[in-house]
Amino acid sequence: IYPRVLVEKMADINLKEVTLIVGVVTACYWNSLFCGFVFDDVSAILDNKDLHPSTPLKTLFQNDFWGTPMSEERSHKSYRPLTVLTFRLNYLFSELKPMSYHLLNTIFHAVVTGVVGRAELLSSIFFLAAFLSYTKSKGPNNSIVWTPIALTVFLVAVATLCKEQGITVVGICCVYEVFIAQGYTLPLLCTTAGQFLRGKGSIPLSMLQTLIKLIVLMFSTLLLVVIRVQVIQSQLPVFTRFDNPAAVSPTPTRQLTFNYLLPVNAWLLLNPSELCCDWTMGTIPLIESFLDIRNLATFTFFCLLGALGIFSIRYPGDSSKTVLMVNKNNAKLWNNVGHALENEKNFERALKYFLQATHVQPDDIGAHMNVGRTYKNLNRTKEAEESYMMAKSLMPQIIPGKKYAARIAPNHLNVYINLANLIRANESRLEEADQLYRQAISMRPDFKQAYISRGELLLKMNKPLKAKEAYLKALELDRNNADLWYNLAIVHIELKEPNEALKNFNRALELNSKHKLALFNSAILMQESGEVKLRPEARRRLLSYINEEPQDANGYFNLGMLAMDDRKDTEAEMWMKKAIKLQADFRSALFNLALLYSQTAKELMALPILEELLRYYPDHIKGLILKGDILMNQKKDILGAKKCFEKILEMDPSNVQGKHNLCVVYFEEKDLLKAERCLVETLALAPHEEYIQRHLNIVRDKISSSSFVEQPVFPADSISGVEEENIPIENVKEIRSEAKPTQIIKTSDNKSQSKSNKQLKKNTDKETPHKTTKEIKEIEKKRVAALKRLEEIERILNELPFWGNGGWGHLNTVH
């Protein structure tokens, strides 16, 4: 009769009672609304990728148990699919306006305050809803109403998605149907069954209808169980002795401890002041002997329970015996406090709690892993390695004939990942780290993180083909992981396969349109391809990148480089200035901004930029060359230019470009012989450079022309004309690498060549010896002819630009 009474009572609930209940609930949770997440909430909610809207919904049915491995160093606790959906709604509401979010958050925070209880609450709601729906399945004349039954099956499935015990409502429905809805008794059922089996009677219609309903319920339950087994891939979840020490204890410890839990929970029901967020590990020490004083509490509880059963027939009421308990033996609680402090970057205090967890539970693998991770965060690598080795030594040993994966918590496999990540910082231990990754994979072939971490290591070991194999294996396990497609793109870059790399970058962006590294590096790849048609998309991706990372100067710099490619000088200047504003010592941005000014006839604006560049990087050779060029051409500061080129040769005596330009300085100083020697030395450094030989010939012609003027007779045919030629350009790259997670994408900081013209000054004529009038006239006639040719030569020389890299006046830079 109790369900009927319950339904009647529920129908009597009025608005005042509902308001009172809602008010009490709101008051209870009010203090928690302004608090941060703690304990299991951190890993289960904040660090749980299943809660992100970008995660496909189907993965909720795969990450279905506690302890699913997720990241390099931390495991997350995954909840039942419907429970996760509740959180995802909360994430979506966070996109609303602050006021709307605050109001909605008040509702949802009541759900998420209790991490462990939240799944039970949801399951209980649908549990009760399924039962109430089933109570409506009996129609007039004991007929079957199928709509409530169908709704019951659906609600049972939903309750099971929240918590597995939701399926037990089917048993309650069966009991309700037989003993309450139909009013059968055990003697009646036994008598009817006996007569049917002996062939002396048939099953009554009402009982047959009841049997049909029960068969439908049981068949639905069986179907849910089959689906559940498929979801977990026919493997039971891993629960270690840390989760429930009593469950793996021998007799009678197991029975005594489990029975003691009854009075403990009864006491908590009456006095919830000692409620704890977690009751695993050593929270309740095992009762290993009949002489344990706590057995009295168990005995008293059963006595009171029996008395309560007897007295409940006569009087309503309840009573219980109380017992106190101490929580200092629960290693999980120490670990949880450590996690909370760790999230606050308070590693010193976190370490104390993690160490205490290892003292309370010396064989707790997770506690030792926490200690190792904290030591690593404190840069105490030796102690970190020792802690990881301790955790590794506690792993279950391989037993022939038994599956290792079925006996180990998946998150404990992270000890191999963490240890390998630690020792691979030492270049001499890369093979040792690889061995640890392979060991983790051999223990659990579906351990995705091991493949990812191994792929990164193999790239570091310059084994891109093997790295590719590792990432492809990881993709077999998770094809919707944008990070994996990104890493595979990096491998293709290492393999000199830019087209394949771009395809994988695009795949990563299809899965996550805001994947920052994929946006940035794919844009750089498009830019470096040189294909004009790809530049608009590269620009769009870089704009998306700076929207996600507004403080990263690299995004603005590469936008500036794209603008320079498109000859959008004003836009390029704007982006370069933004990059420099964010990073004052950004070498590439400083140089290319100065180069941009020099290309757009703003050489004097380039000088202070070059001064700033050389203040941070005094050995920046191309900056020195560009500065020397501007000083000589625009400022007419030959001495300043000379110092720039001499400084280059101090740092790099074999620098052909610096040496060549210094020869030009000697020429400007009218020291033709020194210029000639300088060019001879330069030609020796680069004997195959045709332009150096041509320039040497020009200087020698100049020397010959000057000497000829002093002679009494200057043969008219001894001076040959020099024609201006196009000097071949030599490109010199200066590469600047920007470090990014997983791999490095190289970007260059040079641009197209800077052209500047250099004027060569004329030499004055020297006096000739005294001659007769006839001789003087003849000489004068020849001098006029010679001077005309000399002026022609000088005119050509004057039109030749200043010597740069690979030719007169060409200071070549490429990006």
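Q: Among contacts in the chain between residues at least 6 apart in sequence, what percentage join residues at least 24 apart?
A: In this predicted model, the figure is 62%. The chain has 815 residues, and buried residues make up 45% of them.

Q: How many helices and strands does the secondary structure of the chain come to?
A: There are 34 helices and six strands. Some of the helices can be taken as worked cases.

Q: How are two packed helices described?
A: In general, two numbers are used: the angle between the axes and the distance between them. Take helix α23 (residues 516-529) and helix α24 (residues 535-548): their axes cross at roughly 150° and come within 8 Å.

Q: Are α23 and α24 roughly parallel or roughly antiparallel to each other?
A: Angles over 145 degrees count as roughly antiparallel, and α23 and α24 are therefore roughly antiparallel to each other. Their crossing is left-handed.

Q: Which residues make the contact of α23 with α24?
A: From α23 come K516, L519, F520, S522, A523 and M526. From α24 come E537, A538, R541, L542, S544, Y545 and E548. Sorted by class, this contact has seven nonpolar, two polar and four charged residues.

Q: At what angle do α23 and helix α25 (residues 553-565) pack?
A: The angle is about 20°, and the axes of α23 and α25 are 11 Å apart. Angles under 35 degrees count as roughly parallel, so α23 and α25 are roughly parallel to each other. The crossing of α23 and α25 is left-handed.

Q: Which residues of α23 and α25 meet?
A: On the α23 side they are F520, I524 and Q527. On the α25 side they are N554, G555, N558, M561, L562 and D565. By class, the contact of α23 with α25 has four nonpolar, four polar and one charged residues. F520 is in the list for α24 and in the list for α25.

Q: How is a pair of aromatic rings described?
A: Again two numbers are given: the distance of the centres and the angle of the planes. The count here comes to nine aromatic pairs. One of them is formed by Y134 and Y176, with 6.4 Å centre to centre and 80° between the planes. Planes over 60 degrees apart count as edge-to-face, so the pair of Y134 and Y176 is edge-to-face.

Q: Where in the chain do Y134 and Y176 lie?
A: Y134 is in helix α6 (residues 115-134) and Y176 is in helix α8 (residues 169-181). They are 42 residues apart, and the pair links distant parts of the chain. With F131, they form one aromatic cluster.

Q: Are Y134 and Y176 buried or exposed?
A: Buried means under 20% relative accessible area. Y134 has 0%, so Y134 is buried; Y176 has 9%, so Y176 is buried.

Q: What are the distance and angle for the aromatic pair of F301 and F302?
A: This pair is edge-to-face, at 5.7 Å centre to centre and 70° between the planes. F301 is buried, with a relative accessible area of 14%. F302, at 38%, counts as partly exposed.

Q: Which residues is T682 in contact with, leaving aside its neighbours within four places in sequence?
A: They are V656, K659, H660, C663 and I692. T682 lies in helix α32 (residues 672-685). With a relative accessible area of 0%, T682 is buried.

Methods
Residues numbered from 1 in each chain as written. Predicted model: local features only at pLDDT ≥ 70, side-chain atom pairs only at ≥ 80, totals over all residues. Heavy atoms only, no water. Axes fitted to C-alpha atoms, helices over the stretch in contact; angles between N-to-C directions. Helix = DSSP H or I, 4+ residues; strand = E, 2+ residues; numbered from the N terminus. Parallel < 35°, antiparallel > 145°, perpendicular 65-115°, else oblique. Left-handed = near helix turned anticlockwise from the far one by under 90°. Contact = heavy atoms within 4.5 Å. Nonpolar A, V, L, I, M, F, W, Y, C, P; charged D, E, K, R; others polar. Phe/Tyr/Trp six-rings, centres within 6.5 Å; stacked < 30°, edge-to-face > 60°. Buried < 20%, exposed > 50% of the residue type's maximum accessible area, 1.4 Å probe, protein only.
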